[in-house]
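Here is a short report on one structure. Look at the sequence and the model first, then read on.

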Amino acid sequence: MMYFQHCLFHIFLILLLFHDLVGSSDGNPVAGDVYTLLCGINSTGAIVVNDSNTIVSNGNLTFNPLLTSHGGKYSCVADNITSGYNVTVQIPQLTAAAVPPGSVVYSGSSASLFCAFTVPSVVDTPVIVKTLWIGPQGLGSRTTITTSQSTVIYNTTLQISPISTNDSGLYQCVGYISSSNSYILASSNSSANITLSVQAL
């Protein structure tokens, strides 16, 4: 019976390792998800954080919610056998909001287009926020911000001066979050649109 349980445990570890090896960026958990690391038959093992070599859970370990700081290497130690976990966390999208000019824009004057991006609170590690404006004339201003804070609103403004009727059209502010940490994947793009109408004098 003991031999049978030992074989089952080996199969269990192989399945865990196989799941970890075949994971792709599309299959990685997103910060904010509930995510569980399994360890041992009937949760009898212990999960260790490799960087600090500290036991963080006896048995299964559940992150609720999963934060970007949870990305890293973990080990399941059970029945004198150790298996490894690589937890790679996907950053969720920024929340984007655009504000059009507050008054009529005339040719020859200037216009300011405003966009705000909010970083989700589950992003609790240093990240890089990048923003870009796209308009009828092509790419506009780019902004790169490095931050160690969370739940912060980042503002970006596109200044057009002098402005002409050729500048009328759809403008899009695009932003995403990235990280230098290999266990934290960049978010997908988020965007907001502004339609600008320039009137001739």
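Val104, Tyr106 and Leu201 make a nonpolar surface patch of about 350 Å² in this predicted model. A patch joins residues with over 30% relative accessible area and no salt bridge; like charges are joined within 9 Å, and nonpolar side chains (Val, Leu, Ile, Met, Phe, Trp, Tyr) within 5 Å. A salt bridge is a side-chain nitrogen of Lys or Arg within 4 Å of a carboxyl oxygen of Asp or Glu. Val104 sits in the loop between strand E8 (95-99) and strand E9 (105-106). Val104 counts as partly exposed because its relative accessibility is 46%. On this scale, buried is under 20%, exposed is over 50%, and partly exposed lies in between (1.4 Å probe, protein chains only).

This is a predicted model: local features need pLDDT of at least 70, side-chain atom pairs count only at pLDDT 80 or more, and totals for chains, interfaces and linings use all residues. Residues are numbered from 1 along each chain as its sequence is written, and side-chain values use heavy atoms, leaving out hydrogens and water.

The protein chain has 201 residues, and 37% of them count as buried. The chain exposes about 11000 Å², with carbon and sulfur atoms supplying 54%. These areas come from the Shrake-Rupley method with a 1.4 Å probe; for residues, only the protein chains shown count as cover.

The chain holds 1 helix and 17 strands. Both are DSSP runs, numbered from the N terminus: helices (H or I) need at least four residues, strands (E) at least two.

Strand E5 (residues 72-78) runs antiparallel to E6, and 7 bridges join them. Strands pair if DSSP finds at least two bridges between them. Cys76 has Ser83 of E6 as its bridge partner. Ser83 lies on the covered face of E6 (residues 81-87), with Ile81, Tyr85 and Val87. Thr82, Gly84 and Asn86 form the uncovered face. In a regular strand, side chains alternate between the two faces of the sheet.

Most peptide bonds are trans.

How confident is the model? Mean pLDDT, the predictor's confidence in each residue from 0 to 100, is 77 for the chain, and 74% of residues reach 70 or more. Confidence is lowest in helix H1 (residues 2-22), at a mean of 33, and highest in strand E7 (residues 89-90), at 95.
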